[in-house]
Amino acid sequence: MTETAIELTEVTKRFGSFTAIDKLSLRVERGEIFGLLGPNGSGKTTTINMISGLSRPTSGGVTVLGVDMLVDPQRIRRSLGTVPQENALYEELTAEANLRFHADLFDVPRKGIEKRITSLLELAQLDERRKSRVSTFSGGMKRRLALVRALLHEPELLYFDEPALGVDVQSRRALWDRILELKERGTTVLITTNYLEEANVLCDRLGIIDRGRLVALDSPSNLRRSFGDTVLEMRTQPVPAEDIVRKVRALPGVVSAVAADEWLKVTVEGGAAVTGKVVTAVVESTSLEEIQSREPSLDEVFQSLTGKELRE
Amino acid sequence: MSLRHNLRVVRAVAAVDIRLTLREPLFAIAGIIIPINFLLLFLLFAISGGQAPIAVVMKTHGPLAGQFVQAMNNSQSFIIHTASPADAEREIRAGTVVAVVTVPQDFDAALNAGRRVDIPVELNNLNVDFTNDIRRAVPLSITSFYAGAFPEQVVVRAVESDVQEHDTGYIPYLAVSIVVAGLLLAALLQGSVNAARDYELGTVKELALAPVSRLAIGLGKILGAAALTAASAILVLGVVILVIGVQPLHPLEVLGFGLLMIAAFLALGVLVGTLVRRRQQAIPLSIACVLPLFFLSGPFGPANWLGEVPGAIAAVSPLTYAIAAFEHAFHGFQTATPDLTVDTMVLAGFTLLTVALTALVFGRRGVGH
């Protein structure tokens with residue numbers, strides 16, 4: 001059995017003259033939770049469409065679970081569970097009817113299906129609502145039911161589009177726990193998300209796509225570290241002038257320095273020595289009223305790589 | 001994918017579509033009401049275009065006058081009732097009759113004496129179709145009356161030989177078109193609504209991401225839509241057979257071609273729904289696309305009578321073959337197409353072609369996350 005769950009090799013996707021994906025190469029290992037991040041229009045959805053066989057690449061190769069998508073897409077679909085963003089549930093049918101329909105489509109053996117549906121619904125705390133129409137469910141319940149449905153045929157690879165979308169905080173945590181449990185059981189999980197916290201909590205690795213290209217690929221902590229190890233936020237009186245910003249930016253170990261209102265935000269790499277030099281430079285030039293120190297956030301990494309905020 | 005799995009998918013898709021249709025009564029009702037409306041439309045058209053209501057004022061009750069009115073009755077152009085001069089005048093002013101024909105008091109005496117008789121015909125010349133019917137039919141009635149009453153004086157006569165074994169009344173003739181239009185619309189609407197629904201609700205992803213053949217999904221959708229179409233078909237056939245009173249000569253042909261036609265136009269409906277992807281657009285588009293084709297396919301008479309271009313269109317229209325097949329099933333004649341084998345092959349071929357096209361169009365490549 002191959003150790004690679006998904007492998008994209010030099011994949012390009014064009015729509016007419018527009019290149020949505022440009023020679024993208026990416027590998028997702030078996031058993032990991034991989035997050036795909038990117039601003040709207042970055043090519044994230046196009047990539048997922050090619051992985052799930054809904055779209056063909058213009059050039060390059062897509063291999064899922066060791067099978068070439070162009071050669072045997074049906075085999076891949078059998079091993080792929082999907083939770084789309086809009087759930088794709090039949091709202092006028094009951095939860096159970098949705099699951100039984102899915103079982104028919106995926107040819108889940110009839111023997112034992114009742115037991116499997118019951119146990120999955122119990123895990124998702126939906127067993128009491130199995131005879132209720134989906135249209136009466138809350139957003140979180142629908143999300144959980146869509147996950148149950150995706151797991152019904154015991155997929156090796158699960159694609160979850162925006163897990164936390166439309167889900168309240170309490171349900172979100174429960175969903176994340178379920179996804180982490182899946183990882184424990186060896187299921188590979190691919191998620192797309194715009195929630196930093198979600199990416200942080202769930203993902204072993206993150207791929208950031210922008211304008212059809214992979215601009216970063218690493219674990220969340222490594223990505224943050226690559227951006228710098230400390231962010232200093234300093235409130236000055238008067239507000240930081242441009243010459244102070246320039247002076248700080250010129251110091252060795254400073255990754256970036258930005259003034260916003262009365263705050264000067266400086267990202268540094270090199271630990272306490274660099275931090276000390278930055279503080280000294282600021283104090284020499286102006287009155288330092290307040291100082292805060294923290295790790296860089298994923299949002300800052302994302303913004304520095306794509307020039308956009310994650311939830312744009 | 002095994003045959004067993006394919007059959008499981010066909011059954012499951014059909015069952016889900018039936019349940020969804022029943023739970024969304026608005027679209028289900030539209031799928032029944034629209035064909036029924038067309039049925040009524042054709043029926044009214046047939047009734048209004050078939051025979052003109054006229055009032056006859058009998059100022060004499062002599063035997064020749066009686067024979068004349070009988071000749072008018074036999075012309076199959078009028079719905080006759082006798083009326084007093086005052087009632088007849090009131091009726092034509094009110095528009096309830098097209099004409100008032102007055103048989104004069106000296107009708108019998110004048111004819112027996114060999115004198116000329118003028119028959120007053122008061123005509124509501126509201127439109128030339130009705131007017132011309134009366135203008136043609138009254139002289140025809142006079143001729144046929146004269147040939148009956150004074151055969152030795154009428155030396156020119158038409159010797160008719162019929163192509164068909166029996167005459168077919170205008171309403172029974174149009175009844176075939178009514179059936180075809182009803183089945184066509186019912187099948188097309190149900191098929192298109194069922195297919196568009198999955199795109200509209202986003203559930204098409206559940207189908208597109210499943211490891212199943214597109215053909216199995218398409219067949220399941222056709223089968224699901226067939227259930228409700230069957231309800232419309234029974235209703236339409238019930239009206240034609242039981243209410244209008246047109247009995248089919250070959251009931252098994254009605255059943256067989258009915259099923260074949262439903263399959264053919266359900267498949268077309270599924271294709272339309274797959275292309276349009278919105279139910280509210282699928283309904284008017286389905287109607288707009290097929291009605292012109294229907295009218296060019298000879299519902300009111302052989303299509304090639306309309307001219308070269310309409311005739312050519314009719315020759316490639318599957319509806320021509322459907323109408324021809326139903327004409328044979330109801331009346332036993334076959335005019336527009338060579339025989340029932342050709343009708344069957346064309347309709348079956350059209351069904352397979354449409355199903356294949358639907359499978360091609362159906363959306364894996366048109367469905368995205």
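Reader: How many residue pairs are in polar contact across the interface of chain B and chain A?

Author: The model is predicted, so local features need pLDDT of at least 70 and side-chain atom pairs count only at pLDDT 80 or more, while totals for chains, interfaces and linings use all residues. Residues are numbered from 1 along each chain as its sequence is written, chains are lettered from A in the order in which they are written, and side-chain values use heavy atoms, without hydrogens and water. A polar contact is a pair of N or O atoms within 3.5 Å; within protein, one must be able to donate a hydrogen and the other to accept it, and residues adjacent in sequence count only if both atoms are side-chain atoms. With both residues at pLDDT 80 or more, the number of pairs across this interface is 12.

Reader: Which helix gives the most to the side of chain B that touches chain A?

Author: Helices here are DSSP runs (H or I, at least four residues), and strands are runs of E with at least two, numbered from the N terminus. In chain B, α1 (3-23) and α8 (204-208) each supply at least two residues of the side that touches chain A. With 11 residues, the one that gives the most is α1(B).

Reader: How far apart are the closest N and O atoms of the salt bridge between Asp107(A) and Arg8(B)?

Author: A salt bridge is a side-chain nitrogen of Lys or Arg within 4 Å of a carboxyl oxygen of Asp or Glu. Between chain B and chain A the count is 6. For Asp107(A) and Arg8(B), the closest N and O atoms are apart by 3.0 Å.

Reader: Which residue of β2(B) does Val56(B) stand opposite?

Author: Strand β1 (residues 52-58) of chain B is joined to β2(B) by 5 bridges, and the two run parallel. Opposite Val56(B) stands Thr82(B).

Reader: Which residue in the turn between β12(A) and β13(A) has a positive phi?

Author: Strands β12 (residues 254-260) and β13 (residues 263-268) of chain A run antiparallel, joined by 6 bridges. Val254(A) stands opposite Val268(A) in β13(A). The two strands form a hairpin with 2 residues between them, and the turn residue with a phi of about 55° is Asp261(A).

Definitions and conventions
Two strands pair if DSSP finds at least two bridges between them.
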